[in-house]
Amino acid sequence: MNTTTDTTQRPKIRRAHGAAAIDSSQLPPARHFIDGRFTEGQGTTTEQIIDPCSEDVICNVARGTSADVDAAVAAAHRAAPGWRKLTPKARGEIITAVADRLQENAELLMDLESWNTGKPRAVAEDDVHFAIDCFRFMAGAQRAGTALASGEYAEDHLSVIQREPLGVIGAITPWNYPLLMGVWKIAPILAAGNTLVLKASEQTPLTTLKLAELTADILPAGVFNVVAGQGSVVGQRLAEHPDVAMIALTGSVGSGQAVSRAAAESVKRVHLELGGKAPAVVFADADLPGAATALRNGGYWNSGQECGAACRVLVHESVAEEFTSLLAAEVSSFVIGEPGAGPDVEIGPMISRAHYERVLQHLEQAAQDGARAVVGGSALERPGFFIAPTILADVPVGAACTQEEIFGPVVTIETFSEEQEAIDRANEVPFGLAASIYTTDTRRSHDVASRIDAGTVWVNDHLVITGEMPWGGFKGSGYGRDLSVYALDDYTRTKHVMHNNAR
Ligand code: NAD
């Protein structure tokens with residue numbers, strides 16, 4: 001396999017020829033948003049925000065300090081009593097107004113997200129629509145909480161269960177779905193009656209800052225604060241801050257561990273959505289063309305920079321050859337390009353030069369381990385951090401490319417011979433975020449799904465996510481749930497109040 005930059009035989013990148021999707025006057029203020037207004041903060045340095053298609057600088061955003069976090073937490077504290085006192089109906093109306101404002105600005109948010117991340121337009125559209133729907137769902141769901149019934153469980157004593165907000169919550173988000181992962185935190189945290197301070201990825205803060213700008217006249221000052229900057233400074237301070245009741249992070253395992261360690265000092269709650277290495281198990285009785293189509297989407301959505309991506313196919317040895325050619329046909333037909341080059345572009349660049357180099361190193365290691373690139377396997381032309389959509393076959397059992405999160409457009413194919421072996425191998429990685437199985441056998445569809453160690457298991461599909469259902473992992477993929485009423489549970493606490501009614 002060749003991972004050099006000789007691009008003569010490689011897929012072409014469709015370029016937008018410099019047509020900027022949005023005017024730089026529509027960029028958000030490149031500063032923190034604290035207590036209802038934008039501020040430079042205390043820092044003296046900035047972060048370059050890079051367009052991963054052109055490698056040009058989009059803008060420079062202020063880097064926050066510990067003092068900026070402290071100011072934001074103080075603002076969130078001041079805002080907390082007023083926000084939690086609102087009735088669910090009143091809070092729901094405000095959150096619905098946020099959704100409406102995003103809807104009015106949906107095109108701008110999509111363009112901005114694609115510019116900052118390089119993601120195809122179809123992905124940005126899905127992100128923004130899902131974000132809007134998440135606000136709408138949480139606005140309504142928080143009005144319909146359920147719990148144990150109040151009643152006399154001890155004689156003459158009335159027990160009442162209260163669901164309370166936690167207070168100020170710190171949220172930390174990654175670069176792969178900057179707006180969407182932010183909203184998966186913001187919507188339930190606010191709906192449950194908490195206030196928050198959010199730190200977006202230093203590489204992709206623009207849509208989060210735009211969200212703050214767009215909703216500044218809707219959300220009361222201090223309810224939602226954003227401090228831009230680095231994980232080791234801003235994220236670390238949020239996680240250790242004694243007045244932050246809980247820290248919620250979506251990111252890598254290493255960042256989850258750092259946050260957990262920092263949170264331990266003040267015994268704060270921790271909510272972690274971490275990495276994944278989702279297996280897709282294709283049985284001999286599967287609808288093979290259907291499975292290949294599902295994995296075209298499930299393996300390569302967002303250019304494979306997706307925590308739930310079906311990046312690890314385990315296929316029964318009797319159908320491995322047929323399935324590999326079906327998937328190869330799907331993957332060979334991807335349109336690769338810049339988001340402005342058309343709505344049919346499906347694969348964009350890696351987020352940064354560092355990540356691009358990391359993915360290429362994984363490909364080199366896989367080649368050394370004996371893997372064969374059926375499709376792709378290399379970098380594409382610069383500028384831009386593009387890597388060809390890749391299928392690796394003949395992958396030895398236990399090879400690093402089957403165990404570690406590559407987080408690029410790379411799917412490995414391994415074979416198995418027995419059902420139990422497939423389950424054991426699906427479960428052998430330290431992650432447990434998502435998985436899928438492909439079968440037409442009803443017994444197998446229930447039984448195997450129940451024996452796979454992952455927070456979401458799809459049968460005959462992959463990566464279909466809906467706001468009513470929980471999302472989150474087992475094992476090294478973390479704990480806590482995004483989306484659904486389970487997220488509202490996570491961002492509240494249960495109080496038992498008991499009244500002595502004896503006369
Ligand atoms: P990352 O861990 O590098 O960064 C995530 C966030 O954590 C960033 O805002 C970063 O600044 C911050 N951070 C880094 N070090 C920190 C520290 N010491 N203290 C506090 N905060 C710190 O992850 P990334 O590269 O931005 O995103 C990719 C990772 O996110 C992948 O592992 C992917 O699987 C995971 N992810 C998971 C889900 C999910 O739902 N489980 C969703 C999206 C992404």
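In this predicted model, D156 has its place in the loop between β5 (151–154) and β6 (157–165). Although D156 is not a glycine, its phi is positive, at about 65°. The ligand sits in the largest pocket, and 29 residues surround it.

**Backbone geometry**

- D156, in the loop that links β5 and β6, has a positive phi without being a glycine.
- The peptide bond that runs from R382 to P383 is cis, and its omega is near 0°.
- P383 belongs to the loop between β14 (372–375) and β15 (390–393).

**Polar contacts with the ligand**

- The closest of the surrounding residues are W175, E202, S252, S255 and E405.
- W175 places a polar side-chain atom 2.7 Å from an oxygen atom of the ligand.
- For S252, an N or O atom of the side chain is 2.5 Å from a ligand oxygen atom.
- E405 has a polar side-chain atom at 2.5 Å from an oxygen atom of the ligand.
- On its own the ligand exposes 840 Å², of which the protein buries 89%.

**Pocket and shell**

- The pocket that holds the ligand is the largest one.
- Three elements, α7 (231–240), β10 (246–250) and α8 (253–264), are those that give two or more residues to the shell around the ligand.
- By residue type, the shell comprises 13 nonpolar, 12 polar and four charged residues.

**Position relative to the domains**

- The ligand lies between the two domains, because domain 1 (24–274 + 479–494) and domain 2 (279–466) both give residues to the shell around it.

Conventions:
Residues are numbered from 1 along each chain as its sequence is written. This is a predicted model: local features need pLDDT of at least 70, side-chain atom pairs count only at pLDDT 80 or more; totals for chains, interfaces and linings use all residues. Side-chain values use heavy atoms; hydrogens and water are left out. A residue is near a molecule or strand if one of its heavy atoms lies within 4 Å of it. A polar contact is a pair of N or O atoms within 3.5 Å; within protein, one must be able to donate a hydrogen and the other to accept it, and residues adjacent in sequence count only if both atoms are side-chain atoms. Accessible areas come from the Shrake-Rupley method with a 1.4 Å probe; for residues, only the protein chains shown count as cover. On a 1 Å grid over the protein atoms alone, a cavity is a set of points where a 1.4 Å probe fits but cannot get out, and a pocket is an open set with protein on both sides within 12 Å along at least five of seven lines; lining residues have an atom within 4 Å of a point. A molecule sits in a cavity or pocket if more than half of its atoms lie within 2 Å of its grid points. Helices (H or I, at least four residues) and strands (E, at least two) are DSSP runs, numbered from the N terminus. Ala, Val, Leu, Ile, Met, Phe, Trp, Tyr, Cys and Pro count as nonpolar, Asp, Glu, Lys and Arg as charged, and the others, Gly among them, as polar. Domain bounds come from an automatic or database domain assignment.
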